[in-house]
Amino acid sequence: MNGVEKRLGRIFREDHKTIIVPMDHGVTLGPVEGLRNMQQTVTGLLRANVDAFVIHKGIARAVNTGNAGLIVHVSASTKYSPDPNRKVRVGSVLEALRLGADAVSIHVNIGAPTEAEMLVKLGGIADECHEYGLPLLAMMYPRGSTIQNEHDKTVVAHVARLGAELGADIVKTNYTGAPESFREVVQSCPVPVIIAGGPKTETDRDILQMVHDANKAGCAGASIGRNVFQHKDPEKMARALCMIVHENATVDEAFSLIGGKR
């Protein structure tokens, strides 16, 4: 077993699935609700047995993520940028290793005007990661003026495959809206695919249903940020997601955990 495989084993459970909570939004959005006291939020989510966190290097130095997998994010932009879809490199693989990371993550927006430079960074970071035995999570999003539908199965399958083609060990992307279409995405990608949570949903059931349906389609898990850390009870929401992904719970069973009625 090589270094990449060993570290992936700290992100994925024996069922080869994972619940990751990305908390890198402080760079993009600032200290929004749920991210003001990072240690308090992380501590609660550790009690819910989430599998890993995505955070930037400064937070990785300041916050104890316990036994959960540590994924250090190395790309960024802010909401104030003239081109928020342009993600620039803000960290290195060696820096992530010094912080004790189990993986590195990078964000790539396909269809953005700066797509080409982001792909160059993705390919280079993939090479560095594998030189040092560190897995790479590629957040691959169809996002830009050339993309008519960010959830179109053909587009999503393309960006997921692109991440794998350029060296990612895990691909995070949009859910297509239906198990049948997302199954095609999963089956055409040679590395594990996990779904993004996206903007905060209107109801708890919406996010639980999405994760349930993606799980049914063969997805390797979910990376849910705002719908977890901005929830009225982040710990319960995280537990509910773990029930669906790791225990094959129904939406009703998971919904009941967070106080919803069946």
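The structure examined here is a predicted model. A disulfide is a covalent bond between the sulfur atoms of two cysteines. In this analysis a pair of cysteine sulfur atoms must lie within 2.5 Å to be counted as a disulfide. Cys 219 is likewise in no disulfide, the sulfur of Cys 189 being the nearest at 10 Å. A search of the whole structure accordingly reports zero disulfides. Cys 189 counts as buried, with 8% relative accessibility, and Cys 219 also counts as buried, with 1%.

The largest pocket holds about 750 Å³ of space. Its lining consists of 36 residues, and Tyr 141, Arg 143, Gly 198, Pro 199 and Arg 226 lie nearest its centre. Among the elements that give two or more residues to this lining are strand S6 (103–110), strand S7 (136–142) and helix H9 (204–216). By class, the lining has eleven nonpolar, 17 polar and eight charged residues.

Two of the residues nearest the centre of the largest pocket, Tyr 141 and Arg 143, also meet each other: the charged end of Arg 143 sits over the ring of Tyr 141, 4.5 Å from the centre of that ring.

The second largest pocket holds about 220 Å³ of space. Its lining includes Met 1, Glu 5, Phe 12, Arg 13, Asp 169 and Pro 192. Six residues of this lining are nonpolar, two are polar and three are charged.

How values were computed. Residues numbered from 1 in each chain as written. Predicted model: local features only at pLDDT ≥ 70, side-chain atom pairs only at ≥ 80, totals over all residues. Heavy atoms only, no water. 1 Å grid on protein atoms, 1.4 Å probe; cavity = no way out; pocket = protein on both sides within 12 Å on 5 of 7 lines; lining within 4 Å. Points joined across faces, edges and corners; volume = space filled by probe spheres on them. Helix = DSSP H or I, 4+ residues; strand = E, 2+ residues; numbered from the N terminus. Nonpolar A, V, L, I, M, F, W, Y, C, P; charged D, E, K, R; others polar. Lys NZ or Arg CZ within 6 Å of the ring centre and 35° of its normal. Buried < 20%, exposed > 50% of the residue type's maximum accessible area, 1.4 Å probe, protein only.
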